[in-house]
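Hi everyone, thanks for coming.

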Amino acid sequence: MADTLTDKTSARPWRAPRLSLRRREAIEAWLFVSPTVAGFLVFFLGPLLAVMYFSLTEWNLLTQEATFVGVKNYVDALSVNPDFWHVLRNSFVFAIGLVPLNMTLALTLALALSRPFRGVVFFRTVFFAPVVTSAVAWAIVWRFLLQGEAGAVNQLLASVGIDGPNWLREPDWAMVAVIVTRVIKMVGLNMILYIAALQAIPRDYEAAARLEGASNWQIFRMVIWPLLAPTTLVIFVITMIGSFKVFDHIYLMTGGGPENGTLVLAFYIYEQGFKFFNVGYASALAMIMFVIVLVLTVIQMTLRRKDMR
Amino acid sequence: MTLTTRQARLVSRTCLIIALSVVAVPFVFPFLWMVSSGFKSATEIFGQPSLIPRVWRWQNYLELLEYQPFARQYFNSLYIAVAVTVLTLAISSLAGYALARMRFAGAGLLMLFLLSALMVPEEVTIIPNFFLIRSMGLMDTHAPLILLPVFGSHGVMATFLMRQYFLAIPKELEEAGRMDGLSRFGIWWRIALPMSRPALAAVSIITFLFSWNLFLEPLVFISSLEKFTLPLALSNFTDSYGLPLWHLQLAATSLAVVPILIVYLIAQRQIIESFALSGVKG
């Protein structure tokens with residue numbers, strides 16, 4: 001009885017500071033996140049809203065004034081300017097060429113390199129090395145290797161009797177070249193993600209399947225591949241978004257050429273915005289890119305939710 | 001004649017190594033060819049191909065220093081990457097800690113907003129950012145090359161990486177710190193940060209490389225030669241017709257790439273793990 005009484009009295013003065021403690025914590029927390037929030041508002045949210053507005057305007061270069069023109073820039077892109085669909089097609093060709101090649105190679109390498117053997121570290125190091133290398137350096141070196149007659153690749157092909165094309169000067173081959181060199185540059189990242197996922201699969205699963213008499217292919221098809229599904233989904237979306245963002249690689253290897261054969265969306269935005277100063281039109285293009293990336297992200301989130309169920 | 005299991009394993013292992021070696025060629029060859037060509041003369045580069053230069057032309061390295069202020073540009077890249085790394089570490093670990101450990105109104109909404117920033121490519125916001133930087137009077141300075149990565153999607157990624165790591169630290173340790181009279185800031189600085197060295201290392205590595213390799217932002221914001229960063233400088237070794245001066249360009253590219261590769265070879269395990277942890281870059 002006496003105990004509870006003292007408890008009550010001692011509990012009372014506690015209540016007030018406890019509330020203010022929570023409040024204090026909230027204030028402190030906002031102080032902790034304030035640089036991030038400020039930067040986010042100034043350099044991300046503000047510009048994102050601005051680009052939405054810009055996309056509805058036309059800019060006069062001399063007076064630097066923007067006139068509101070509604071959806072004209074979008075109409076221009078979708079139905080007037082013949083370049084847009086060509087660019088969009090290029091971006092999709094790039095993505096559709098790159099993503100399966102990248103993911104298949106990444107998974108194959110990961111399957112080969114997820115178990116320890118003599119030399120496994122060496123090969124992992126080799127396949128990952130281009131990831132830490134700057135895209136600019138990588139593109140410069142490959143442009144050098146892929147020159148018409150004098151390029152090392154064609155000299156190599158000539159030594160086995162193949163007459164290689166002038167890779168970066170023919171539209172179709174240029175696209176193939178930027179896709180393949182980009183895959184070599186980035187595949188190590190996906191390989192590492194796949195290796196991590198493979199190593200997380202308990203060995204018992206495979207052992208059990210083997211006891212049941214499953215072949216290697218059956219084990220992969222029935223046990224490993226389904227367990228990799230969440231990783232595959234993440235890798236798919238990251239790689240897809242990454243392929244829509246590709247800029248430096250194209251800028252340095254082909255400059256969007258030849259005959260606009262490798263002119264992709266990110267490069268087109270840069271060209272329209274910073275070379276031709278079509279600010280409104282370039283902003284509309286940026287919004288279209290934003291929507292594409294958004295759709296991909298939403299697809300990933302819905303699939304993932306479904307996956308968890 | 002049938003093979004024993006031991007022999008069969010040996011054969012399959014050898015085949016695996018041969019196959020991997022063949023695939024490895026386009027991953028390794030560009031580096032070797034780059035370094036070798038950086039030592040060749042402009043004429044030998046287009047002569048009979050050979051991995052070992054006939055004449056080792058060290059002059060290439062002197063010439064490239066004369067061609068543009070390459071040492072200065074190298075230093076620019078270095079100090080910008082360090083600044084971006086230090087600022088990102090400070091800001092992302094503060095925010096990551098608050099998001100992991102502190103309860104405050106609006107935390108959920110803030111997380112959602114930041115997550116959205118993670119997915120939006122820089123190309124989408126680069127045009128308004130150009131006008132923003134210009135109105136701040138920061139054109140042709142290094143400020144945008146520091147501010148945009150720190151506060152852009154890369155910084156947000158670092159924040160989430162830090163948050164994830166802080167969540168895994170046992171709360172009891174922080175309670176003990178509080179008992180000893182540490183403030184929140186003190187707990188973050190004295191307990192949470194020292195305990196999350198692996199995460200800090202991972203953020204440092206990927207942030208440094210991210211800044212070191214940045215291209216679009218320098219291209220848009222920097223115009224004077226002595227303010228160039230490395231990627232921009234590398235793309236600038238051209239003659240008056242805009243054609244590449246291969247021997248200089250490849251020598252310069254070697255100078256930019258080889259030190260990173262050496263560090264990578266020494267710390268490959270740590271570096272690869274850092275990228276695996278971040279998982280979203282590229």
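Let's start with one residue, B:Tyr264. If we skip its neighbours within four places in sequence, B:Tyr264 is in contact with A:Ala129, A:Val132 and B:Ile271. By contact I mean that the C-beta atoms of two residues, placed from the backbone, lie within 7 Å.

A quick word on what you're looking at: this is a predicted model, where local features need pLDDT of at least 70, side-chain atom pairs count only at pLDDT 80 or more, and totals for chains, interfaces and linings use all residues. Residues are numbered from 1 along each chain as its sequence is written, while chains are lettered from A and ligands numbered from 1 in the order in which they are written.

So where is B:Tyr264 found? Look at helix 13 of chain B, residues 246–266. Helices here are DSSP runs of H or I, at least four residues, numbered from the N terminus.

Is B:Tyr264 buried or exposed? B:Tyr264 is buried, because 21 other C-beta atoms lie within 10 Å; the cut-off for buried is 20 or more, with exposed at 12 or fewer and partly exposed in between, again with C-beta atoms placed from the backbone.

Now the chain contact. Chain B puts in 72 residues and chain A puts in 69 residues. On chain B's side, helix 1 (residues 5–37) gives the most, with 12 residues.

Last, the domains of chain B, whose bounds come from an automatic or database domain assignment. Domain 1 is 31–68 + 237–282, and domain 2 is 74–222. Their C-alpha centres lie 31 Å apart, and eight residues of domain 1 are in contact with seven residues of domain 2.

Methods. Helices (H or I, at least four residues) and strands (E, at least two) are DSSP runs, numbered from the N terminus.
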